[in-house]
Amino acid sequence: YIKEFINNTEFFGNMGLYPDAVSAIKSLHSAGVRVRIITSIGDSEEVKRARLNVYDREISAYIDDVTFLPLASPKSDSLRKYDPSFFVDDLAKECHGALESDHKPFLFHRRYNVSDPLEKSVTRLKSGWVDLPYFER
């Protein structure tokens, strides 16, 4: 079942972006922040193609790079390749990993992470994307 899930182009192709994510990405990009997506949604060719189609439809002009990692892989190794910047994720462990390479992590508030302990350098986005620096609607 897992193999069917991670190669499901319909599911990943129809998975839209978080509400206000497009506005946040546009605002960051307009402020001169390089916007890179590092996703551990899966790295099969089917998933890559499906997700790139979504990005092309919604935010292609504002994205500088997209890195696909195997499903549930840690992002910390990829983050080390880039100069420190903002980092947004919905997993506390990924935010803590971002601290190791001097990125400023923001934890996207979700029901499943509400009680996760956070390093004091991690900012919880309690109101969602609107809590990010440079955010404009």
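## An exposed network

Let's start with Asp-77, which is exposed, at a relative accessible area of 53% (exposed means over 50% relative accessible area, buried under 20%, partly exposed in between, with a 1.4 Å probe and protein chains only). In this predicted model, local features need pLDDT of at least 70 and side-chain atom pairs count only at pLDDT 80 or more, while totals for chains, interfaces and linings use all residues. Residues are numbered from 1 along each chain as its sequence is written, and side-chain values use heavy atoms, leaving out hydrogens and water.

Asp-77 pairs with Arg-80 in a salt bridge at 2.5 Å, N to O (a salt bridge is a side-chain nitrogen of Lys or Arg within 4 Å of a carboxyl oxygen of Asp or Glu). Arg-80 is partly exposed, at 44%. Arg-80 also bridges to Glu-100, with the closest N and O atoms 3.0 Å apart. Arg-80 sits in the loop between H5 and E3 and Glu-100 in the loop between H6 and strand E4 (104-108), so this pair ties together parts 20 residues apart in sequence. Glu-100 is exposed, at 56% relative accessibility. Together, Asp-77, Arg-80 and Glu-100 form a network of salt bridges.

## A buried pair

The structure holds 4 salt bridges. One of them joins Asp-89 and Lys-75, whose closest N and O atoms are 2.5 Å apart. Asp-89 belongs to strand E3 (residues 86-89) and Lys-75 to the loop between strand E2 (65-68) and helix H5 (76-79), so the contact ties together parts 14 residues apart in sequence. Helices (H or I, at least four residues) and strands (E, at least two) are DSSP runs, numbered from the N terminus. Both Asp-89 and Lys-75 are buried.

## Confidence

The protein averages a pLDDT of 89, and 93% of the residues score at least 70 (pLDDT is the predictor's confidence in each residue, from 0 to 100). Confidence is lowest in helix H1 (residues 2-6), with a mean of 59, and highest in helix H6 (residues 92-99), at 97.
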